[in-house]
Amino acid sequence: MRTYEVSFAHRASLLDDGDLAAVAELIRSNDPLSGGRRRDAFEAAFAAYTGTRHALSVTSGTVALEIAIRLLGLEPGDEVIVTPQTYHATIQALLEQRVRVVFCDVDPRSINMDPAALASLIGPRTRAVVLVHYGGLPAEMDTITTLARAHGAVVIEDCAHALGASYRGRMPGSLGDIGCFSFFATKNITTLGQGGMLTFDRDDWAERVRQVRANEIDGRFVPLDMAGEPAPASLPWMKFHGGAYQRACVDVIRTGTNANMPEAAAVVGLSQLAKLGSLIDRRRQIAARLDSVVDGFPEVRPHRPPPDVEHAYHLYTFFADAGNDARDQIVRELDSRGVEVQLRYFPLHLRPEWRRQGHGPGECPVAEDSWFSRHVNLPCHPGLSDDQVDFLAHALKDSLAAVLADADARHEAIEDKLRQVDG
């Protein structure tokens, strides 16, 4: 395997002595290792941070998305509108639903779901809209939620990239109806490699999620009429099963699963959440350095937020608008200089499992053009040293200069910008 001077990280958050101390304290205690007070504390802190009534942890972001889809109660013939520009787990659970999945094209500046395209697709059969905040840049949520509300559709936010971002003073996860977060090792904070969270305001959904993640049936129950029957004995060891005698199940919606976040993961999540601000600040510093290079070349443009939105920079993205194969040349130049480039993400409607369902090329032309011809993702995470960031910025400048016309004349101006950012 090739070694890069600047690579995409296997760990994109920083684990420090505070995280280790929190885990050590748990291990030395006699407290439960699953479903205890540390998970409760992490969930309470996360709900407070996102501004939602409920935050319920699970074992991964994928599980969070699967449970969110379950909450919709989709029926055959229902329609769900989704973004094509995201990781496949965002909509994977829809493959087993007998629903019509409609891919909505993206805005070329943000690679988020395009509200204008959504307006042309949404209709009376639409039950849900599933989107991502690409790279940590929040989607245009006010317009999207207004459209969804007008049609009675639920909005699911995939917030895997967006922890630490903000949209007009509000946090991702509180902008739609359900937020789904990932704490995988490469995300903005981690819970020891895996973990997820659902955020929302509805009490009935909270009850259902707690049942599902605890391996209980997601169903409809009614009180059982036991008039005239002797009450069963209630010994201490029966405390977890007493409800079996008082309720009758009238409908099974879905079976449950064991998706309880372990206490060790939760205690690290709580520690990581406390330092989220500094982790995101470092991402923004790196992004500003790279933006100063990109701004020196009119043929490329950064993935920059509007004034009322704050970018979390889970991914650093820029776009090559020079045409021909300029993007591919830039990527090759970066690679040759020791910078790892990963293009994220392959348009979902072109993946084989979705082509099998009738989707294909031409369905989302903006997303296709962006992935095949324009966008580039560069490493941008707190684990990069100052020397690596310096190396990355100069490798980017030299790569763009090698590919784009008349770049030499701009060389000194770009160097001045880099010096100003280094300040």
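Buried here means under 20% relative accessible area, exposed means over 50%, and partly exposed lies in between, with a 1.4 Å probe and protein chains only. By that rule Arg-289 is buried, with a relative accessible area of 6%.

The model is predicted: local features need pLDDT of at least 70, side-chain atom pairs count only at pLDDT 80 or more, and totals for chains, interfaces and linings use all residues. Residues are numbered from 1 along each chain as its sequence is written, and side-chain values use heavy atoms, with hydrogens and water left out.

**Salt bridges**

Side chains of opposite charge can pair when their charged atoms come close. A salt bridge is counted when a side-chain nitrogen of Lys or Arg lies within 4 Å of a carboxyl oxygen of Asp or Glu. The count by this rule is 30 salt bridges.

| Pair | N to O distance |
|---|---|
| Asp-19 and Lys-275 | 2.6 Å |
| Arg-127 and Asp-78 | 2.9 Å |
| Asp-390 and Arg-289 | 2.9 Å |

Elements are DSSP runs numbered from the N terminus: helices (H or I) have at least four residues and strands (E) at least two.

Asp-19 forms a salt bridge with Lys-275. Asp-19 is in helix α1 (residues 17-28) and Lys-275 is in the loop between α7 (263-274) and α8 (276-294), so this pair ties together parts that are 256 residues apart in sequence. Asp-19 is buried at 2% relative accessible area, and Lys-275 is buried at 15%.

Arg-127 and Asp-78 also meet in a salt bridge. Arg-127 belongs to strand β4 (residues 126-132), while Asp-78 sits in the loop between α3 (61-71) and β2 (79-82), 49 residues apart. Arg-127 is partly exposed at 28%, whereas Asp-78 is buried at 12%.

The buried Arg-289 pairs with Asp-390. This pair links helix α12 (residues 386-403), which holds Asp-390, to helix α8, which holds Arg-289, 101 residues apart. Asp-390 is partly exposed, at 32% relative accessibility.

A network of salt bridges links Glu-140, Asp-142, Arg-168, Arg-170 and Asp-308.

**Lys-187**

An unreviewed UniProt entry lists Lys-187 for "modified residue: N6-(pyridoxal phosphate)lysine". UniProt positions are in the numbering used here, feature names are shortened, and annotations may be inferred rather than shown by experiment. Lys-187 lies in the loop between β7 (178-182) and β8 (196-200) and is buried, at 12% relative accessible area. Contact means heavy atoms within 4.5 Å. Leaving aside neighbours within four places in sequence, Lys-187 is in contact with Ala-12, Ser-13, Ala-160, His-161, Ser-182, Arg-283 and His-314.
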